Structures are given as structure tokens and as C-alpha cells.
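These are my notes from going through one model, entry by entry.

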Amino acid sequence: MAFYSKNPRNIINNLKSKVGLWSLMKQSHGTCSYCSCLNTIHLHRFLPLTTLPQFTNPDSISHKKGHFPHFQRFQSTTTEKQIDSVPNGEHSQVLDFPGGKVVFSPEMRFLSESPSVYSQCYRVLDDTGQLISHSNFVPVSEEVAVKMYSNMVTLQTLDTIFYEAQRQGRISFYVTSIGEEAINIASAAALTSDDIVFPQYREPGVLLWRGFTLQEFANQCFGNKADYGKGRQMPIHYGSNKLNYFTVASTIATQIPHAVGAAYSLKMDKKDACAVTYFGDGGTSEGDFHAAMNFAAVTESPVIFICRNNGWAISTPTSDQFRSDGIAVRGQAYGVRSIRVDGNDALAMYSAVHSARHMAVNEHRPILIEAVTYRVGHHSTSDDSTKYRPANEIEWWRMARDPVTRFRKWIEINGWWGSEAESQLRSSIRSQLLHAIQIAERAEKPPVNDLFTDVYDNIPSNLREQEKLLKETINRHPKDYPADVPI
């Protein structure tokens with residue numbers, strides 16, 4: 001970003017007061033901050049920020065609030081300064097260069113286009129719900145575990161009934177989260193209500209966890225007068241100011257840089273909170289993703305990037321999108337700590353997000369989480385995924401790797417759940433949801449004039465003219481417009 005000012009001194013003074021720029025400029029050059037800041041961080045192999053040597057004693061590094069280490073800071077812009085020789089050879093030297101150190105070598109070596117060893121995927125539960133031997137994870141209480149499972153079942157039921165409602169012509173559009181329930185609910189459980197969420201469109205479970213009611217979901221999908229968006233948005237474009245959940249936007253990846261800006265604001269205001277943004281693997285092919293990653297790394301903003309790598313960007317497989325080892329490795333390129341997680345393992349997702357949040361808030365750093373999963377449902381009700389992927393592949397993921405079934409088996413093993421509770425839960429949710437749909441469907445629609453409000457304080461004349469023309473057209477052709485929309 002470039003900008004012009006007649007008084008650049010004012011800009012510097014403002015930056016000094018906001019982020020301590022002057023102290024950073026005076027700070028002496030330090031060693032890379034590749035260390036653990038929470039006991040549970042040792043459990044998940046977050047990819048390091050650089051390839052510099054690790055600290056021999058990570059616990060000796062101070063991570064007090066406001067005193068986090070600044071990795072890759074340089075002492076000055078003098079590029080001529082040469083440091084001690086390195087062990088690689090007598091001719092090798094290290095240059096103190098703006099942005100980091102440069103190690104010279106007489107050997108010509110190109111970086112490989114692909115890793116020799118693929119990134120590991122953090123996992124706690126196997127496909128049968130059994131704890132994997134020697135696995136480490138953040139403990140979950142019975143109360144939290146049962147709530148997580150109940151919410152996953154609720155989300156699954158919500159998707160089934162609303163999908164059927166769309167097929168019946170009662171709503172115009174719908175997107176399911178089938179196969180990705182663990183990413184939704186487990187990540188939400190690991191956050192706090194103060195954390196600001198910037199969703200894509202496949203994260204209604206985060207809202208559900210935070211207290212969004214079934215009636216509120218139904219009101220939005222049916223676009224009635226109780227819908228917070230006043231019927232202006234397509235179904236599933238939820239939003240809630242009260243629950244710190246920004247309204248869904250259909251445009252891919254635009255929410256990612258917004259999340260970084262919000263995180264930077266939280267950092268400047270010294271809030272004990274972070275921003276969290278969700279997106280699919282297709283979103284990482286957008287420029288907004290790359291700009292946001294770099295922005296977050298440079299500003300050291302407390303933001304968690306959660307990528308749902310479900311294998312498909314509508315009909316485009318990941319093999320046609322990129323050649324890298326998934327998404328997590330991209331974090332290293334931008335200086336962002338990253339991890340790959342089994343997105344169908346609720347316990348692993350909870351542990352990874354819980355640990356990522358601790359690092360983001362206490363160290364003021366961005367974290368990238370790649371959740372490996374599979375989109376079992378169609379992309380949306382406008383899509384037929386059997387046209388581009390085999391039906392038996394979809395069925396295998398639905399049956400063998402269902403995240404809801406896997407987590408249920410684990411809480412049953414712990415004695416926290418049983419068949420009677422299961423039957424009561426599913427029956428109750430279905431009954432509540434059908435009742436909410438009946439109310440939402442009968443509710444009054446927002447008036448036509450709501451199309452022109454809530455943008456300008458004083459509505460300009462051109463919009464008033466459009467409103468007048470629209471109402472006149474509706475009155476002349478009433479059969480061409482919905483009869484239940486007040487004029």
C-alpha cells in the first residue's frame with residue numbers, strides 16, 4: 001500500500017503511539033522465535049517459521065503479554081555488515097540484510113519444488129473412535145464433550161431438513177456442512193465469545209455453538225421480517241453482531257484480509273481476543289489469501305486461519321489448484337506457524353485450535369490450520385457432485401470417516417453417552433426444527449422499502465426515485481411479484 005502525506009512526521013508519530021514502531025526500530029537483532037509457548041504445543045507439530053536452529057531451551061524465552069519476541073527483525077538497513085563465518089564452509093558468510101539474515105554459499109543449489117517428506121497430519125482418534133496410542137491432546141470435560149456432540153448432531157439434522165425444504169421449493173438455496181461438522185463445532189468450542197469470526201459459508205456450526213437458535217436459522221433462510229439481514233441476503237448468509245459473527249459473503253476469500261485487519265485492531269487495543277477466519281481450499285487460490293497471510297505475518301496480528309481442505313473447490317479438485325504439499329506448508333513461506341490436522345477428528349481439531357488461540361493471543365502471531373476433510377454433500381443445492389466425482393468415493397467418506405459417528409464412539413467409550421440419549425436428542429432436534437420452520441414460513445416478509453435503507457444516513461435522491469419506480473411497477477403488475485411482501 002502506498003500513500004502520500006504533506007506531513008510524514010505526523011504519520012510516524014501516530015505509528016509510534018499505536019504499535020511501538022520506534023522501539024522496534026531500536027530493538028537489537030534477535031534469534032528466530034521457534035519455540036513452544038504452551039505445554040500442549042508440544043503435542044502438535046506446528047511447522048516452524050524458519051529453518052534456523054531451534055532454541056535449546058525454549059522455556060527460557062519470555063512470552064509476557066506485550067513482550068513477545070519479534071522474529072527476523074534486522075538491526076539496521078546497512079547491508080555491508082558481515083557476521084561470523086558459518087560451519088558450512090570457510091567461504092560461507094552471513095549478511096545482516098533488511099528482513100533477515102542471508103547465508104552465502106559457493107554451492108549452487110535450487111530449492112526443490114516438492115518436499116522429500118510430506119507434512120504430518122495431527123490426529124488423536126482413529127476411525128473407530130479409539131484414542132491412538134501415545135496421543136496427546138487438550139483435555140475435554142464430559143460437559144463440553146456432550147455439548148460438542150449434541151451440536152454436531154444438531155448441525156447434521158439442520159442440514160438434512162433445510163436441504164429437503166429447498167428441494168420442496170420452500171426456500172431458494174442451501175449449502176450443507178455434511179462431513180465437516182467436527183471442524184465447525186470443535187473449533188468453535190476452543191474459542192471464546194470475544195473472538196471475532198469471519199466465516200465463509202460452511203460454518204453455521206460456529207454460530208450454533210455460540211447460541212444462535214434454530215428459529216434464527218430458519219428466519220434467515222426464509223428471509224422473513226425477523227431476519228437480521230431483512231431478507232436482503234440469500235439463505236445461509238447468516239450474521240450476528242451479538243455473537244461476534246460477521247455476515248457471510250458469497251465472494252470467495254474476501255473475508256480473509258478483513259479478519260487480519262480486525263486482528264490488528266484487537267492487538268492495538270490490547271484485547272485478550274483474536275480474529276478467526278474460515279475458508280476452503282479453493283479460497284487459497286485467491287489473491288486475498290496470499291495478501292492476508294503476508295499482512296498478518298508482517299503486522300504480527302492475532303489471527304487464526306482455518307482452511308477446510310475438503311478436496312474440491314466446487315468441481316475443481318485440489319490437484320488442479322496447486323502442486324504444493326497441501327495448504328499448511330504455505331504458512332512457512334509467509335512466516336506463519338502452521339499445522340495440518342485431521343478435520344474429521346473433533347478432539348484433534350479442538351486441541352489444535354485451543355493451542356493456536358493461546359499462541360495467537362499471548363504471542364501476537366498468526367496461525368494457519370489446514371483441516372483435512374471431505375465435502376460429503378454437494379457444493380450447494382445448485383450442484384450435482386456425482387457429475388465430477390464417483391458416488392462410491394462419496395459414500396466411503398460418508399460411512400467410514402463420518403466425524404459425528406467417530407466422536408460419538410469416543411464419548412460412549414467414556415460412558416458419557418448411550419442409545420437412549422441419542423434417540424431423545426435426534427427426536428427433540430427434529431421436532432424443534434420443524435416447528436421453527438413453520439413459524440418462519442408464516443412470518444411476515446420485510447417491506448419493500450427495506451431494500452433502500454441501512455446504507456445511507458440520508459437516502460439520496462436517486463435511490464428514492466428507484467424506490468418510487470419499483471412500487472409503481474409492483475402496483476401495475478401485482479401478479480408478477482410476491483403477494484406477501486408489504487409495499
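At what angle do helix 7 and helix 8 pack, and how far apart are their axes? I found an angle of about 15° between helix 7 (residues 255-268) and helix 8 (residues 287-299), with the axes 8 Å apart. Helix 7 is therefore roughly parallel to helix 8.

**Ground rules.** I noted that the model is predicted, that local features need pLDDT of at least 70 and side-chain atom pairs pLDDT 80 or more, and that totals for chains, interfaces and linings use all residues. Residues are numbered from 1 along each chain as its sequence is written, and side-chain values use heavy atoms, with hydrogens and water left out.

For the terms, helices (H or I, at least four residues) and strands (E, at least two) are DSSP runs numbered from the N terminus. Axes are lines fitted to C-alpha atoms, for helices over the stretch in contact, and angles run from 0 to 180 degrees between N-to-C directions. Angles under 35 degrees count as roughly parallel, over 145 as roughly antiparallel, 65 to 115 as roughly perpendicular and the rest as oblique.

**Whole chain.** I counted 14 helices and 10 strands in the chain. Of its 487 residues, 47% count as buried (under 20% relative accessible area; exposed is over 50%, partly exposed in between, with a 1.4 Å probe and protein chains only). Among contacts (heavy atoms within 4.5 Å) between residues at least 6 apart in sequence, 71% join residues at least 24 apart.

**Helix 7 and helix 8, continued.** The crossing of helix 7 and helix 8 is left-handed (the near helix is turned anticlockwise from the far one by less than a right angle; clockwise would be right-handed). On the helix 7 side I listed I256, P257, V260, G261, Y264 and K267, and on the helix 8 side D288, F289, A292, F295, A296 and T299. By class, this contact has 8 nonpolar, 2 polar and 2 charged residues. Here Ala, Val, Leu, Ile, Met, Phe, Trp, Tyr, Cys and Pro count as nonpolar, Asp, Glu, Lys and Arg as charged, and the others, Gly among them, as polar.

I then looked at A297, which lies in helix 8. A297 is buried, with a relative accessible area of 9%. Leaving out residues up to four places away in sequence, A297 touches Y334, G335, V336 and P366. P366 is 69 residues from A297 along the chain, yet their C-alpha atoms are separated by 6.3 Å.

E300 is in the loop between helix 8 and strand 6 (303-309). Its phi is positive, near 50°, and E300 is not a glycine. E300 is buried, with a relative accessible area of 4%.

**Helix 12.** Which residues of helix 12 are buried? In helix 12 (residues 403-413) I found P403, V404, R406, F407, W410 and I411 buried. They span an arc of only 165° around the axis (taken from the directions from the helix axis to the C-beta atoms), so they lie on the same side of helix 12. Among the elements that cover them are helix 3 (142-167), helix 10 (346-363) and helix 13 (419-442). After helix 12 comes G415, with a positive phi near 80°.

Helix 3 and helix 12 pack at about 150°, with axes 10 Å apart. They are therefore roughly antiparallel to each other. Their crossing is left-handed. A145, M148, Y149, M152, V153 and Q156 of helix 3 meet P403, V404, F407, R408, W410 and I411 of helix 12. I sorted these residues into 10 nonpolar, 1 polar and 1 charged.

**Helix 6.** How many of the residues of helix 6 are buried? In helix 6 (residues 214-222), 8 of 9 are buried. The buried ones pack against helix 3, helix 5 (204-210) and helix 13.

The axes of helix 3 and helix 6 come within 12 Å and cross at roughly 30°. The two are therefore roughly parallel to each other. Their crossing is right-handed. From helix 3, T154, L158 and F162 meet L214, F217, A218, C221 and F222 of helix 6.

**D454.** Last, I checked D454, in the loop between helix 13 and helix 14 (461-476). D454 is not a glycine but has a positive phi of about 70°. D454 is exposed, with a relative accessible area of 55%.
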